[in-house]
Structures are given as structure tokens and as C-alpha cells.
Amino acid sequence: MGMRSHILRPMTASRKPRTTAPARARASAQQAPASAQRALGRSTRQRSALLAIIAREARPLSPYELHDLALRAIPSISQSTIYRNLRALEEAGEIHAVSIPGQPPRYELAEIAAHHHHHFHCRGCDRVYDLEGCPGGLRGLLPRGFTLEEHTIVLSGKCSACVA
């Protein structure tokens, strides 16, 4: 009776498989910084797809546009999943919300938002496009004694596709 027999038990949800130290090191090296990882939670196929869509389209996208485009890659994705993942991606600093007066926010990659630029809103198709450059000289528009801290310019009109 001195020897106990080892019985294999099925793995339950509370037990995790063991990983080796090198495997854990490789996995942690491939992950995002800890603060971003906590904000994002687990990496999902949906989040990866949304980031890929935003990068591919190269313009700020609304949650509705993202949903339409994401359905091509993930047919079962819901609008609520889009909103939940956009919130997580924004909290993690991966994307940035673009405010357009009277419109729902659009989302662009944080690396694009980090560079000063403005936007064009097409009233025909409701798309938003990035504009390069800045007109400058805005301080000259201020009343005497005012200080300019920041500015946002949104031009409105029709894009070339809607004009044609």
C-alpha cells in the first residue's frame, strides 16, 4: 500500500495545461505591452479582423461600415461585437475615435491619429477621409487676448465618386 497508482483524469475547466518556461517566454515576447494587453483582454479573431479592416481601408470608419466589411471575413459577427471590440481597442490605444459634428464617431489607427491631420466628410456617401496638411495661421483668427490650444477641421462636401 506504500505506492499510489497514478490515474489520468480528464482536464477540467479549472485546470490549465502546463507549459514549459521557453514556451511561456516565447508567448510573452509576442504579446503586446502589459498595459495594452490588460485593456485588450484576450486577442480575438474579431479584434484582429477589425484592425486589419481599418488598416486596409486607410480612412476613418463608422461602426456600421466596420460591421459591413467584417461580415465578409466573419459572417456571424454582430453589431454589438463590433462596439465591444472597438471599445477594447480604443482603451488599449490601438485605435482613435474621430469626431464629426452630428455623426457617430469614426475610428482610425492610433498611429495615423498621432500625426496632425484633418478630415473631409462626404455628404453624398457619408464616408470620412483623411486630409494631409494644415492651413496654419489660425491664431490670426482669434480675438485679442485669446490663446489657441488645439484645433480640428472637418471639411464637408462630396467626394469624387459622388460628384461623378
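## Elements and overall make-up

Helices are DSSP runs of H or I with at least four residues, strands are runs of E with at least two, and both are numbered from the N terminus. By that reading, Asp 126 lies in the loop between strands β3 (118-122) and β4 (128-131). The model described here is predicted.

The protein has seven helices and five strands. Their order from the N terminus is α-α-α-α-α-β-β-α-β-β-β-α. The protein has 164 residues, and 26% of them count as buried. Its accessible surface is about 11900 Å², with 54% of that belonging to carbon and sulfur atoms. Among contacts with a separation of 6 or more, 48% are between residues 24 or more positions apart.

## Helix α4 and its neighbours

Helix α3 covers residues 45-57 and helix α4 covers residues 63-73. The axes of these two helices come within 10 Å and cross at roughly 115°, and the crossing is right-handed. On the α3 side, the contact is made by Arg 45, Leu 50, Ile 53, Ile 54, Arg 56 and Glu 57, and on the α4 side by Leu 66, Leu 69, Ala 70 and Ala 73.

Helix α4 also packs with α5, at an angle of about 115° and with the axes 10 Å apart. This crossing, too, is right-handed. Here Pro 63, Tyr 64, Leu 66, His 67 and Ala 70 of α4 meet Gln 79, Ile 82, Tyr 83 and Leu 86 of α5.

Which residues of α4 are buried? They are Pro 63, Glu 65, Leu 66, His 67, Leu 69 and Ala 70. These buried residues pack against α3, α5 (79-91) and β2 (106-109).

## Glu 65

Glu 65 is found in helix α4. Glu 65 counts as buried because its relative accessible area is 16%, and buried means under 20%. Leaving out residues up to four places away in sequence, Glu 65 touches Arg 59, Pro 60, Arg 106 and Arg 127. Arg 127 is 62 residues from Glu 65 along the chain, and their C-alpha atoms are separated by 9.0 Å.

Arg 59, one of the residues that Glu 65 touches, lies over the face of Tyr 129, at 5.7 Å from the ring centre. The count of aromatic pairs comes to zero.

## Two residues with positive phi

Most residues other than glycine have a negative phi. Ala 58 is not a glycine, yet its phi is positive, about 55°. Ala 58 lies in the loop between α3 and α4.

Asp 126, in the loop between β3 and β4, counts as partly exposed at 33% relative accessibility.

## Lys 158

Where is Lys 158 found? Lys 158 is in the loop between β5 (154-157) and α7 (160-163). Lys 158 counts as exposed because its relative accessibility is 53%, and exposed means over 50%.

Leaving aside neighbours within four places in sequence, Lys 158 is in contact with Phe 120, Cys 122, Gly 124 and Val 163. Phe 120 and Lys 158 are 38 residues apart in sequence and 8.9 Å apart in space, C-alpha to C-alpha.

How values were computed. Residues are numbered from 1 along each chain as its sequence is written. This is a predicted model: local features need pLDDT of at least 70, side-chain atom pairs count only at pLDDT 80 or more; totals for chains, interfaces and linings use all residues. Side-chain values use heavy atoms; hydrogens and water are left out. Buried means under 20% relative accessible area, exposed over 50%, partly exposed in between (1.4 Å probe, protein chains only). Contact means heavy atoms within 4.5 Å. Accessible areas come from the Shrake-Rupley method with a 1.4 Å probe; for residues, only the protein chains shown count as cover. Rings of Phe, Tyr and Trp (its six-membered ring) pair if their centres lie within 6.5 Å; planes under 30 degrees apart count as stacked, over 60 as edge-to-face and the rest as tilted. A charge sits over a ring if NZ of Lys or CZ of Arg is within 6 Å of the ring centre and within 35 degrees of the ring normal. Axes are lines fitted to C-alpha atoms, for helices over the stretch in contact, and angles run from 0 to 180 degrees between N-to-C directions. A crossing is left-handed if the near helix is turned anticlockwise from the far one by less than a right angle, and right-handed if clockwise.
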